[in-house]
Amino acid sequence: MRTLWILVATGQLLAAAATTTSAAHDPAESHEEHVEHVDHVHPHVAILFPCLSMLIGLTITHITSRCQCLATIPYTVSLLIVGWGMGFLDVESAGSLGTLSESISLWIAIDPHLLLYAFLPVLLFGDAMSIVWHDFHRTAAQCIVLAGPGVLIGTALMYVVAKFVFPYGWGDFECAAFGSVLAATDPVAVVGLLKEMGASRVLTMQIAGESLLNDGVAIVVWLVFYNLMKGEQASAEIILSFLRLAVGGTAFGAACGVIVARWMSLASNRLVHSDSLVQVTLTITVAYVSFFVGENELKLSGVLATIFAALMVGKYAQPLVCDKDGLAAVWHLLEFFGNTILFVLCGVFSYTSTKNVEWADYGWLALLYILANLARGVMVGVLLPVLNCVGGSDVTKTTWKEWLVMTWGGLRGAVGLALALSMRNLLIQQGREYTANLMVFFVSGFATLTLLVNATTCSLLLKYLGLTKTPEAQIAILGCLRQELMFLSKKAFSDALASDGRFKAVHQRELDAMLEHLDAELGEPQDPKLHLQKGVHPEPETTDTDPERQENSKEKGIEPGTVQAWGHWWWGFEEIKVDRGVAVRKEKSAGSLTEQKRFGVAAKGTQQERVVYRKLFLSMLRAEYTRLMDVGMLPRRASGAELLLASIDAADDFAALGLNDWRILEKKLVHRRHSIRVKVRELLSPYFTFVPVEINGGAQYFDLFTVVAFIDAHHTVSHQLLKSECLSLDARADVIGDSLSEIEAAHRILKDNGIGARDISKVRTIQLASMLFQTQKDQVGRWKSQGIISEKEMEELLHLIKHGLDHWEELMKKQVLSSEEVSPLSKATFRTLVRLLPGR
């Protein structure tokens, strides 16, 4: 990853150097060649650019979630840098990237209206629907002031810059349209940053509300001057057109939102599975319908229509949603798609625009950046008394600190770029190629600078101004929750050790070390009685007294007398006993055929019933494997997770012959160590061998964790069948007998390879630790669902839990590597084991 970032940075430097040759390039000739090239490109290759953008976006998201130093860089900034890199590679290679260059050329030549119609609805609707109505209501007047008069003031100030500061001699309409484009803020990255850092709800709502509303108002203002640029005459109808666009779009959007909310109320039955699908589809449909109908058919503001439709849905439909998590996940995905593609495209446009300008234009861009930020500061400062007047309470009062953040948080993004591209097409048609390129250069360059500078430094500004400082009372609450989390964790440990026989022989020293570190991370619990005392659960005592077995254990590296894994008591389950004679007597004592039936199943153990019961047993076995994965006792990344589930599917085909899942599993369980085919398969496999046990002198190995999970699941399901009263006793006994044979076969592979209590104890220790971390994660999730903690506080607690897990991994690695004990499980094996601990 470090190499990738170095290459991107180097590409930017080379791009700056390459611009020295741009002055000699004829822009008009370049445009004609580009249009001619696009005409010969197949339209279907356009799919490559968004797919590659999503792949890059996923990579950035995955890496930043694991690397704290990169997590400080806003996601949109990273995408912008990637877009610059793609633009650099495409331009400097003269379009020799093959299909990728063709795909990029199609997106560069995209119609700006298509860009707006495709991406704006989902981005605007998703942001607006998540707004809390109460927050919007109490700051609505302030947002309207910033988005109404604020946009007009910002447009006027930037008109002055474009008309009287820039040396290009643009006309009045071009300057005014250019000013309205720069007046449209797009603080998506900063709003996310404000939420992440815990800024006040009022400040977050002021910036978010302004950005949503001024997009619509700025587009309305831009349309007025854009039409004038096309040659339409100025008249009093312009004012009426402005009111129609703004007021009509707001009213139409609100009506669409109320209608959809009413429809969602008719599809709000949680017992009907399709209702959830209907609700999610409705929200996506209304986002596009409100924008398209309002913008294209009714000639209203599609942006305002979409925003107010979303606000109405968020206000009225929130209690009606059947699956809130599903709805949020769908919209989060749509926003992720839209933002990723748009900001990468913005980066590509930003670089390609630099090829059609001169060196002096870079200086004017730097001056534009300074003057535009000053203009926004003047606009917010002039309106500050009005904001405090319409705020209505001290809660919504705007101080100089909020004024500074609102000024610095005025980012520009995709909306302004789309408007600039529309002006570019019009100016090219009018024969003003250089002016068209300058428009795109200044708008994309200014958006790039705001993202690279403002977005990345806004968090430092918030911290410096003390706007993200957590109140002392909240800190005290979080401290109590951390102590309670430790309290509940140790109680879960105690309960598991006391109630589950499988954990009688865990390695107590390792668990104590982990608990001590968790004490340091989360704080000492309030009840000292919950501290697990050392030595409460000692290492397993020696019970194996067979001389021949002891000698075999010595050869295998096991101390004489260690409890062997095939002892049923040691596994923590009661011995499975099926008295077939009792079953027969109970069947004969039944007085009638009706009494011999339980829930429609005959009591006689016919072959058909045995097949049905075996299939039932396999189905219950699958559910038990899934439960073991859910509680952390079977790692999802272990190869056994896939092998065990696959064995159920294959065994179901042979249910008429008996339970054969172990035979099927055993064939895939043992692997050759030095086979090239196996090594390649392991390299490409999404699964990892969890605890590989070497056999046959190291030439082969099998996964111990898979065998342990197999035995555990069979024991559990067999006991569940024994307790069932609705199944035929005779057929049930046959199925359980098959299960016992499978368990014995699994025990045999452990016995033959000298796997004893010490080795199984390692597995049990990992399982118990996994259950602890899963318990902590579930508890934090419950606090979040109960409203006790926020999203940010939940992430902080989960980070502490992950830190404790990482520390315990390092501790176990040191113990294993420094241990002199000899075991069939090599030190390399346990390096793999601790690398794939719970949560992985």
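Helices here are DSSP runs (H or I, at least four residues), numbered from the N terminus. Helix 30 itself covers residues 729–752, and its end C-alpha atoms are 34 Å apart, which agrees with the 34 Å that its 24 residues should span at 1.5 Å a residue; the expected span is 1.5 Å times one less than the number of residues.

A word on the source: this is a predicted model, where local features need pLDDT of at least 70, side-chain atom pairs count only at pLDDT 80 or more, and totals for chains, interfaces and linings use all residues. Residues are numbered from 1 along each chain as its sequence is written, and side-chain values use heavy atoms, with hydrogens and water left out.

On to the rings. The structure holds 25 aromatic pairs, meaning Phe, Tyr or Trp rings (for Trp, the six-membered one) with centres within 6.5 Å; planes under 30 degrees apart are stacked, over 60 edge-to-face, the rest tilted. One of these is the tilted pair W133 and F136, 5.7 Å centre to centre with 45° between the planes. Both sit in helix 8 (residues 133–147), three residues apart, so about one helical turn separates W133 and F136.

Burial is set by relative accessible area (under 20% buried, over 50% exposed, partly exposed in between; 1.4 Å probe, protein chains only):

| Residue | Relative accessible area | Class |
|---|---|---|
| W133 | 26% | partly exposed |
| F136 | 8% | buried |
| I81 | 16% | buried |

I81 belongs to helix 5 (residues 75–92). I81 and V348 are 267 residues apart in sequence, yet 9.1 Å apart in space, C-alpha to C-alpha.

Note on methods: Helices (H or I, at least four residues) and strands (E, at least two) are DSSP runs, numbered from the N terminus.
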